[in-house]
Amino acid sequence: MSFSGDDARHMARALVLAARGLYTTDPNPRVGCVLVKDGQVVGEGWHERAGEPHAEVHALRAAGAAARAATAYVTLEPCCHHGRTPPCSRALIEAGVARVVAAMPDPNPRVARQGVAELERAGIRVEIGLLAAEAERLNPGFISRMTRGRPYVRVKLAASLDGRTALASGESKWITGEAARADVQRLRARSSAILTGVGTVLADDPSLTVRDIEIKRQPLRVVVDGNLSMRADARLLRLPGKTLVVTAADDADYAEPLLEAGAEVMVLAAGAGRVDLPLLMQDLAVREVNELLVEAGATVCGALLEAGVVDELVLYLAPHLLGSSARGLFNIPALESMADRVALDIVDVRAVGKDWRITAKIGF
């Protein structure tokens, strides 16, 4: 299937529109739509928030009668089922659109090419696959949840140039500069949930909230606490949003203060006081968590890596050295050979203020 330069230009615009929903559409995908007739853009739209009209509906409203015989460029196959809103496939058919160009099929089993089929039955020409990789990069979590039954897991780490995350004493404020810390807020804002370990909660008493970015929600806070040692006066229990404490200890007496403080406590034991991390990922998917951001210490990060549930590392490297006695990035078993190395695919390296941000994929 071949597409024209104009097709690519209009789809690129639809992708730009979709990105406007980066922080707001959760748990829905980020989608943009452009309507073009006789070479002119007659309507644009993007999905802004779950429960509100989808991108196609916004674009159709903007176009009005001009939508008839137009081409719709949409970054995701139009939905064909009744969810929080009516199906977009039906809206496109009723508007008289002549052609639909979709960047990628919808991975949701409730759609999965059925939207395409409905449009084609109505006589609409449908083409799919234009700028598909770019569309996929907008929605890694939604795709992961629909196809793998777990969130897309992004581990954020901040380290010195010699790979140390804190002094031996645990002191770590601040390894990176202000620009890097602001960049982390953007990672938080796009995430459905933020996960940490109880060690980090006890040592740093973090908030794990989105700051300085206007969003209508706070990500779910998830604390991995194998022995249920979290304190009920932790700061994150006093802040807006929900906190889920996941433990291997089925102890109602220890859980009661946390429950009274507003937390949800869930037991997912894998033996030896360890939380079943793969099962936790499945549970988070049921809770409609698309992208999970991990901000934790070496023990939890290492356990997630060992469990095979990490998809991406975002490492901020600061221009200083902390020395060999300082703490490392991951606690993982010693490797017996170079063949056992964890392979990474570095997909992006850029300066963020005085620090460097390295983004790497795992399991590529």
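Seven residues of helix 11 are buried: Ala298, Val300, Cys301, Gly302, Ala303, Leu304 and Leu305. Buried means under 20% relative accessible area, exposed over 50%, and partly exposed in between (1.4 Å probe, protein chains only). The model is predicted, so local features need pLDDT of at least 70 and side-chain atom pairs count only at pLDDT 80 or more, while totals for chains, interfaces and linings use all residues. Residues are numbered from 1 along each chain as its sequence is written, and side-chain values use heavy atoms, with hydrogens and water left out.

**Helix 11 and its surroundings**
- Helix 11 is mostly covered, with seven of its ten residues buried.
- Helices (H or I, at least four residues) and strands (E, at least two) are DSSP runs, numbered from the N terminus.
- The buried residues of helix 11 pack against strand 6 (152-160), strand 7 (193-197), helix 10 (277-286), strand 11 and strand 14 (355-362); contact means heavy atoms within 4.5 Å.
- After helix 11 comes glycine 308, with a positive phi near 75°.

**Glutamate 295**
- You can find glutamate 295 in the loop between strand 11 (291-294) and helix 11 (298-307).
- Glutamate 295 is buried, at a relative accessible area of 9%.
- Leaving aside neighbours within four places in sequence, glutamate 295 has contacts that include Lys156, Arg188 and Leu208.

**Helix 3 with helix 4**
- In the contact of these two helices, Ser89, Arg90, Leu92 and Ile93 in helix 3 meet Gly115, Glu118 and Leu119 in helix 4.
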